[in-house]
Amino acid sequence: MSGTTLKDAKLFINGEYVDALSGETFDTINPATNEKLASVANASEQDVQKTAEVAQKTFESGVWSKMSVDDRAKILCKMSDLVMERVEELAMVETLDVGKPIKESLGFDIPRAAQNLRFFAEMAKYVNHEHYDKGNYMSYAKYAPAGVTSLIIPWNLPFMQMTWKASAALAAGNTVIVKPASYTPLSAVMLGEIANEAGLPPGVLNIITGPGSTVGTAMTTHPNVRRISFVGETTTGKTIMKNAASQLIPVSLELGGKSANIVFEDADLDEAVSGSIEAIFRNQGEICLAGSRLLVQESVYEAFLDKFTAAVQKIKVGDPLDPATDMGALVSASHLATVDEYVQIGLAEGAKLAAGGKRVAGMDKGNFYEPTVFYEVDNSMRIAQEEIFGPVLVVIPFKTEEDAIRIANDSIYGLAGVVWTNDLRRAHRVAAQVDAGLLWINCWYVRDLRTPFGGSKASGIGREGGRHSFEFYTEAKTITMKC
């Protein structure tokens with residue numbers, strides 16, 4: 001793993017890989033070694049201007065926007081096939097750039113990306129067009145592609161998140177500009193090669209790399225842009241919404257989370273332990289859907305905490321390229337410092353450690369942090385209220401069902417949640433009352449791509465997935481005719 005380097009990444013504009021207009025680059029770093037992986041083109045506002053003009057011209061040409069849905073679907077399905085043909089290569093790049101275990105990249109992230117492409121390609125054929133008769137009049141609705149679409153992708157699941165957004169936008173007939181995160185751009189840039197091989201017309205998919213402060217701002221204020229979809233931190237989401245407002249651009253924002261993972265006394269405790277481990281330590285806890293607040297009913301609190309802590313001790317933290325590794329490296333040295341700062345805050349607030357709380361011994365070259373569990377936590381503590389975005393869990397006891405719901409909803413966030421119980425009525429009752437966009441019952445992170453995805457409160461606005469994606473990435477037009 002030490003010394004591994006990858007191909008340098010350029011901008012993908014109009015079907016070609018090109019340098020930034022300035023010629024500037026930045027380095028992307030291997031989180032497991034803190035060594036350079038590759039140089040990446042550092043775009044500027046001028047590069048965004050150029051790309052937006054290409055995307056607008058391509059959209060207006062109709063080469064993609066007016067192509068039949070069936071023909072668009074064939075190209076996107078070909079891209080899906082090509083992703084799976086290169087699944088091992090893409091998974092390795094993803095793991096090296098993000099620091100996540102190869103078994104996650106290879107077993108879930110890249111295959112899910114291929115599924116995204118195929119799902120939205122196929123669904124585009126069957127999106128219903130409304131038709132109504134009223135007396136001597138007939139009205140029907142057409143859903144036309146909105147135009148140039150800006151997609152800003154987070155660093156934690158770059159290839160999967162990119163295809164989740166781009167697949168729907170492309171299937172709807174839009175041209176797309178994607179900005180992957182500067183921490184993890186390498187796999188996303190590779191989608192350009194796949195697009196060319198599949199026959200996607202030049203200018204339909206464009207990928208530019210660079211800082212959010214300049215590139216992201218330009219992508220969210222350019223007059224050619226007609227849709228913006230962003231996944232990331234809440235403060236940045238607010239800035240993007242303000243930028244978009246100046247151009248009246250519709251936005252879809254999937255932001256932070258501090259999700260409650262609720263364990264009732266009648267739950268299958270072994271199942272709940274296993275699922276809760278996955279919910280917080282998958283992807284090193286660097287996932288918006290993480291069940292980072294574990295609420296456990298008092299009657300089983302000690303027994304559950306003992307089982308959970310014992311399971312945490314078995315988590316293998318190590319080389320992300322080792323198939324046996326359960327948890328890899330945090331994305332950067334600065335993020336590791338942030339996570340550790342929160343651990344110190346938790347200790348100062350009076351919380352106690354059941355596990356972890358420090359860097360992994362003997363792995364100082366990389367950004368490896370122990371899976372960490374706090375107990376004796378009050379929900380008012382900063383570690384229970386603020387998104388840490390790392391392998392840090394807080395365990396909070398509750399007495400009654402009403403108590404659990406109150407604690408779960410005592411948060412600025414409303415993205416996701418989990419309910420563990422064998423009481424069917426309780427399961428649906430609690431799920432209905434927890435203020436979050438996604439709730440799982442006796443499972444976590446199971447996704448049907450037809451269902452709406454998104455959060456409430458500080459976790460964002462809008463929904464994507466299935467028909468909700470097509471509603472966002474299109475403009476509805478009603479046509480009425482006298483018969």
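Glu254 counts as buried, at 3% relative accessibility (buried means under 20% relative accessible area, exposed over 50%, partly exposed in between, with a 1.4 Å probe and protein chains only). UniProt lists this residue as "active site" in an unreviewed entry; such annotations may be inferred rather than shown by experiment, and their positions follow the numbering used here, with shortened feature names. What you're looking at is a predicted model, where local features need pLDDT of at least 70, side-chain atom pairs count only at pLDDT 80 or more, and totals for chains, interfaces and linings use all residues. Residues are numbered from 1 along each chain as its sequence is written, and side-chain values use heavy atoms, leaving out hydrogens and water.

**Around Glu254**
- Glu254 sits in strand β11, residues 251–254 (helices, H or I and at least four residues, and strands, E and at least two, are DSSP runs numbered from the N terminus).
- Leaving aside residues up to four places away in sequence, Glu254 touches Gln161, Phe230, Val231, Gly232, Cys288, Leu415, Phe453 and Ser459 (contact means heavy atoms within 4.5 Å).
- One of those partners, Cys288, is itself buried, with a relative accessible area of 9%.

**Cysteines**
- A search of the whole structure turns up 0 disulfides (a disulfide is a pair of cysteine sulfur atoms within 2.5 Å).
- For Cys288, the closest cysteine sulfur is in Cys443, and at 16 Å that's too far for a bond.
- Cys77 is buried too, with a relative accessible area of 10%.

**The whole chain**
- The chain has 15 helices and 22 strands.
- Its radius of gyration is 23 Å, close to the 23 Å that the globule rule gives for 483 residues, so the chain is as compact as a globular protein of that length (the radius is taken over C-alpha atoms, and the rule is 2.2 Å times the number of residues to the power 0.38).
- Along its principal axes, the C-alpha trace spans about 70 × 65 × 40 Å.
- Of the 483 residues, 60% count as buried.
- Among contacts between residues at least 6 apart in sequence, 73% join residues at least 24 apart.
- UniProt gives residues 19–479 as "domain: Aldehyde dehydrogenase", again in an unreviewed entry.
- Over residues 19–479, the chain is 41% helix and 21% strand, with the end C-alpha atoms 45 Å apart.

**Nonpolar cores**
- The largest nonpolar core has 102 residues, and those with the most contacts inside it are Val263, Phe281, Leu289, Phe304, Phe308 and Val373 (a nonpolar core is a set of buried Ala, Val, Leu, Ile, Met, Phe, Trp, Tyr and Cys residues joined through side-chain atoms within 4.5 Å).
- This core lies between domain 1 (11–255 + 459–482) and domain 2 (260–441), because both give residues to it (the bounds come from an automatic or database domain assignment).
- A second, separate core of 30 residues includes Leu336, Phe374, Val394 and Ile405.
- Not counting residues up to four places away in sequence, the contacts of Val373 include Phe281, Leu305, Phe308, Val312 and Lys352.

**Helix α13 and Thr184**
- In helix α13 (residues 401–409), the buried residues are Glu401, Asp403, Ala404, Ile405, Ile407 and Ala408.
- Their cover includes strands β12 (260–263), β13 (293–297) and β16 (392–398), along with helix α14 (424–433).
- Thr184 is in the loop between β8 (175–179) and α6 (186–198), and at 0% relative accessibility it counts as buried.
- Beyond residues up to four places away in sequence, Thr184 touches Asp97, Val98, Pro154, Trp155, Pro158 and Val331.
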